[in-house]
Amino acid sequence: MSLRLGTGIGPLGSAGMVGLRGASSLIQSMQTGTIAVGINSPGTTTISAVNTSVSVLIPGGWSAAYNTGNAIYATQPRITLTNSTTVTAATYTNGTGVNSTNAFTVMEFRSGVVKSIQYGNTSGTSGADTATITAVNTAKSYVIYLGLNSTSSNAYAQEGPQRYYARVDLTNSTTVTARYSEAAGQTMTINFAVVEFF
Amino acid sequence: MSLRLGTGIGPLGSAGMVGLWNAPSLIKSVQSGIFSTGGSYSGNVTITAVDPTNSLVLNNGHRHDSAYGVGADGGVLKITSSTNVSITKITYTATDLVTFIVVEFMPGVIKSIQRGHVHFGSSTSTVNLTITAVDLSKTGLFFNGRHRFYADNSLPGGGGAASESYSAFTSSTNLQWVKQSGGDGSSGEQSYEGYQIVEFF
């Protein structure tokens, strides 16, 4: 066992112990909030500054005022941690629609808990779009689905709802794959975060 | 600083140090799975055994092949035992593929997990859920999917006059869920909304 207690970061020995000096908790901060977003009108919310390299963004659901045939109310807008003080949400870029409210949590770990966090997106029309990420240890990593938007109009009568939903997988150590049923020529942009722990 | 290194669980002193003996990582295991729920109201997937008190399931989205109807109902996911993840969702003929990840932390990372679902009635806009008190400065909320009760062939969301929902803590013992438009009461639009409240040490 290696007791590198002075480092304050990361596992203290491969077979020994995980520890953080000077830390009463694994969590540095926890913030929740909401973002208002409309069609073709991305929204932002300002949060207290966090270290983005150790902060995980977690979607907390969304809600839009009902409007028949409007895709926005059925689709989880894509959100991301844009910088240390900003969370952004975006939904469809065409059509008319209503505002939605998107809840989120930003969970900031203390340094030494999370090895890496990568925010990214896939973009395409193939039904199985991929994004390349910096290599992670898949045994200690997971991917979080952070919603989608597209260039689609919101007229449900013209476009099947298949494209309002998607799923993401950490396919291998360097690839995230987003899958959906169809895009019909509309570009789908799907957000994700990959969290790797020590 | 209190160096209770032998315990292997939790913070080692309130102003001192967080540590786990015999742990090369904070993560014990990560496994993924998928539900294929065509026509089904519920389903189960067997996973490699985990300790549910140290594990959470992440709903990683869904896709389906329906023209209309099943809509936003990706289903509510839960860890129901050490070797089982369940899903409940609307019964619909379309195949819906729902992916999930189970993350198991080493003992000493997670202090508590509260999991379950809230029920929106057919004309409900707000639901307040009383929970066991948590420290909000160390607690994360994970939305675990939605189970709607109504499939409408003419709407992308698969439901009548009701929207999706979001949630937020209003106190250390209350989680509030909101729909901007509650069910209209005529379409029978009800839903379950799944959650995991994860309090870290």
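Mentor: Let's start with β4(B), which is joined by five bridges to strand β7 (residues 84–88) of chain B, the two running antiparallel. Strands here are DSSP runs of E, at least two residues long, while helices are runs of H or I of at least four, and both are numbered from the N terminus. Two strands count as paired if DSSP finds at least two bridges between them. Before going on, please note that this is a predicted model, in which local features need pLDDT of at least 70 and side-chain atom pairs count only at pLDDT 80 or more, whereas totals for chains, interfaces and linings use all residues. Residues are numbered from 1 along each chain as its sequence is written, and chains are lettered from A and ligands numbered from 1 in the order in which they are written.

Back to our strand: within this pairing, Gly43(B) sits opposite Ile87(B) in β7(B). The pair belongs to an open sheet of three strands in chain B, ordered β4-β7-β6 with antiparallel pairing. In chain B, β4 (42–46) and β6 (76–81) are at the edges with a single partner strand each, so one side of each has no neighbour in the sheet. From one strand to the next, the twist averages 25°, taken between lines fitted to C-alpha atoms, with angles from 0 to 180 degrees between N-to-C directions.

Chain A has a strand β4 as well, at residues 43–46, and Thr46(A) lies in it. Is Thr46(A) buried or exposed? Thr46(A) is exposed because 9 other C-beta atoms lie within 10 Å; the cut-off for exposed is 12 or fewer, buried needs 20 or more, and partly exposed is in between, with C-beta atoms placed from the backbone. Leaving aside residues up to four places away in sequence, Thr46(A) touches Thr85(A) and Thr86(A), where contact means C-beta atoms within 7 Å.

Stepping back, chain A has zero helices and 14 strands. Buried residues make up 55% of its 198 residues. The largest nonpolar core holds 81 residues, and Ile144(A) and Phe192(A) have the most contacts inside it. Such a core is a set of buried Ala, Val, Leu, Ile, Met, Phe, Trp, Tyr and Cys residues joined through C-beta atoms within 7 Å. Strand β14 (residues 188–197) of chain A gives this core its largest share, seven residues. Among the residues that Ile144(A) touches are Phe192(A) and, from the other chain, Leu58(B).

How values were computed: Contact = placed C-beta atoms within 7 Å.
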